[in-house]
Amino acid sequence: MVAAALDLADSEGISALTIRALASGLGVKPMAIYHHVANKDEILDAIVDAVYAETYLPRPYAPWREELARRTRSVHDALNRHPWALGLMETRKAPGPANLASHEAVLEVLLTAGFSLGATAHAYATLDAFVYGFCLQEVMLDSIDLAGSADDLLAGMNLTGHPRMAQFAAEHVLQPGYAFGDSFEVGLGLVLDGLEQLRRSA
């Protein structure tokens, strides 16, 4: 049932995930779903936990920077596969085992690496804000055809008086081979550099 709910959210969006639609996809009556869950929230808890289960659990006694980089990349990849999860990852009131294990592992890595409790809170918040924000930007940019004609894209923009925006669009964003996703590793490196400074000062 969880796999079917995950497939439905992936293919049609989270708003399409209803008890009736899930039952239809499984070939059962809606009431049959309630033999397994009490309500839709329990289904959401389960599929969010399934997304967490796809992410890497960092190890506390390995180099913290490499471990958290690998974990952040895995969250980025999981959210690219399941973009509907962006608004749900940190909102569950009844987090599942994979969700809890993920949070515990990150906290253990940071504290074992020598971050103070306060610095750990800042580090964790910064890592999550970076990866969630980056994924959100990717979702928004997916609606823009950057591979189309530069003239068509610029036609709707009045960039008179905004020479830097005009330059940035024409000479960078609209150039062949541009991909917003290329900035992920650069941004991740900057975040980790900042966390190292925080760790040393904590």
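In which helix is the place of Ala32? Ala32 sits in helix H3, which covers residues 30-33; helices here are DSSP runs of H or I with at least four residues, strands are runs of E with at least two, and both are numbered from the N terminus.

Before going on, a word on the model. It is a predicted one, where local features need pLDDT of at least 70 and side-chain atom pairs count only at pLDDT 80 or more, while totals for chains, interfaces and linings use all residues. Residues are numbered from 1 along each chain as its sequence is written, and side-chain values use heavy atoms, with hydrogens and water left out.

**Overall picture**

The protein has 10 helices and 0 strands, so its elements read α-α-α-α-α-α-α-α-α-α from the N terminus on, by the DSSP definition. Its radius of gyration, taken over C-alpha atoms, is 21 Å. A compact globule of 202 residues would come near 17 Å, by the rule of 2.2 Å times the number of residues to the power 0.38. Along the principal axes, the C-alpha atoms fill a box of roughly 60 × 50 × 25 Å.

Of the 202 residues, 38% are buried, meaning under 20% relative accessible area, with exposed being over 50% and partly exposed in between (1.4 Å probe, protein chains only). Among contacts (heavy atoms within 4.5 Å) with a separation of 6 or more, 71% join residues 24 or more positions apart.

**Two domains**

The domain assignment, automatic or from a database, gives domain 1 (1-37) and domain 2 (41-201). Their centres, taken over C-alpha atoms, are separated by 28 Å. Across the boundary, 12 residues of domain 1 are in contact with 12 residues of domain 2.

**Two residues up close**

Val48 belongs to helix H4 (residues 40-53). How buried is Val48? Its relative accessible area is 1%, so Val48 counts as buried. Leaving aside neighbours within four places in sequence, Val48 is in contact with Trp84, Leu88, Met89 and Arg92. Ala32, by contrast, is partly exposed because its relative accessible area is 25%.

Here are two C-alpha pairs involving these residues:

| Pair | Separation in sequence | C-alpha distance |
|---|---|---|
| Val48 and Leu86 | 38 residues | 9.6 Å |
| Ala32 and Ile19 | 13 residues | 9.6 Å |
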